[in-house]
Amino acid sequence: MIKQTLMFTSPVSLSLKDKQLIITYKDRSDIVTRPIEDIGFVVIENPMVSITVPLLNELSDNNVSVIFCDKKQMPKSMLMNLDGNSTLQESYRYQFDVGGSQKKRLWKQLVESKIKNQAALLDKVGKEGNVLKPYYMNVKSGDADNREGAAARTYWSNLFDDGFRRERDGEPPNNLLNYGYTILRAAVARALIGSGLYPAFGIFHRNRYNSFPLADDVMEPYRPFVDEIVYRLYYDGAVSELDSYTKSCLLRVLFSDVKIGKMTRPLEIALSTTTASLLKVYKGENDKLSLPMI
């Protein structure tokens, strides 16, 4: 089931009643309700939004990602349920026991999939995707010679232009990419927890200040789905600022069509397929991840 994404950009009061999210507007008399079971993400952008603790607990119990934005309206933190799967202890044990060689094989699969999707996106927007073929055809275990980084330089210069540099604090459309990736990261973390995996234990990404390195690993092949939306906004729409329109467009990445094998499904659902396949690899039931294709 596709879950709703709710974004609050104006002052409202959010509370809980009978398993319903109650939305009370400060300048309106009507009250809006949404069933908790239908919600996947809540984005709180306006600092004047008030929310009750019982509602937060109910959202958490239903594995709803609550994303809080900072004063610049950029996603800053998340509330997530760390008890979102009934077999956590067993799943964590498999996850903690995975060896270094297996992690290297998994990272190779993720990098290959990411570069293939980057190539597919270049083809889709009328560029030359074959320039990335030498990179995804020659990824070593653990990506020992950093084909991912080398491919990225070629990819970005072809997708946008030779002057573009992918930097977090760089010129537009870096701001659009940052926002989209943050939403994607939250969705991946939610899917991991739903599959019984702990996002703090990564495959490749490691940083003592990073709470979700596994989400950073798993999201890599899904990044080009954000890139496509940003490309359309930046070139087709000549949009470079983050406003309510661009944010709503970027939030729709969760509903992008994603192919996994012979099936096409919304990205939000595809993520659960990928994270479930990762658990199967950890358990020794499979050796291949179910990864997305553009």
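Is K108 buried, exposed or partly exposed? In this predicted model, where local features need pLDDT of at least 70, side-chain atom pairs count only at pLDDT 80 or more, and totals for chains, interfaces and linings use all residues, K108 is partly exposed, with a relative accessible area of 26% (buried means under 20%, exposed over 50%, partly exposed in between, with a 1.4 Å probe and protein chains only). Residues are numbered from 1 along each chain as its sequence is written, and side-chain values use heavy atoms, with hydrogens and water left out.

K108 meets E112 in a salt bridge at 2.6 Å, N to O (a side-chain nitrogen of Lys or Arg within 4 Å of a carboxyl oxygen of Asp or Glu). The two residues sit four apart in helix α3 (residues 100–124), about one helical turn (helices are DSSP runs of H or I, at least four residues, and strands are runs of E, at least two, numbered from the N terminus). E112 counts as buried, at 18% relative accessibility.

The structure holds 14 salt bridges. Another of them joins E58 to K19, with the closest N and O atoms 3.1 Å apart. E58 belongs to helix α1 (residues 53–61) and K19 to the loop between β2 (12–17) and β3 (20–25), so this pair ties together parts 39 residues apart in sequence. Here E58 is buried at 12% relative accessible area, while K19 is exposed at 54%.

A further salt bridge links R223 and E220 at 3.0 Å, N to O, and both residues are buried. Through shared partners, salt bridges join K114, E148, E220 and R223 into one network.
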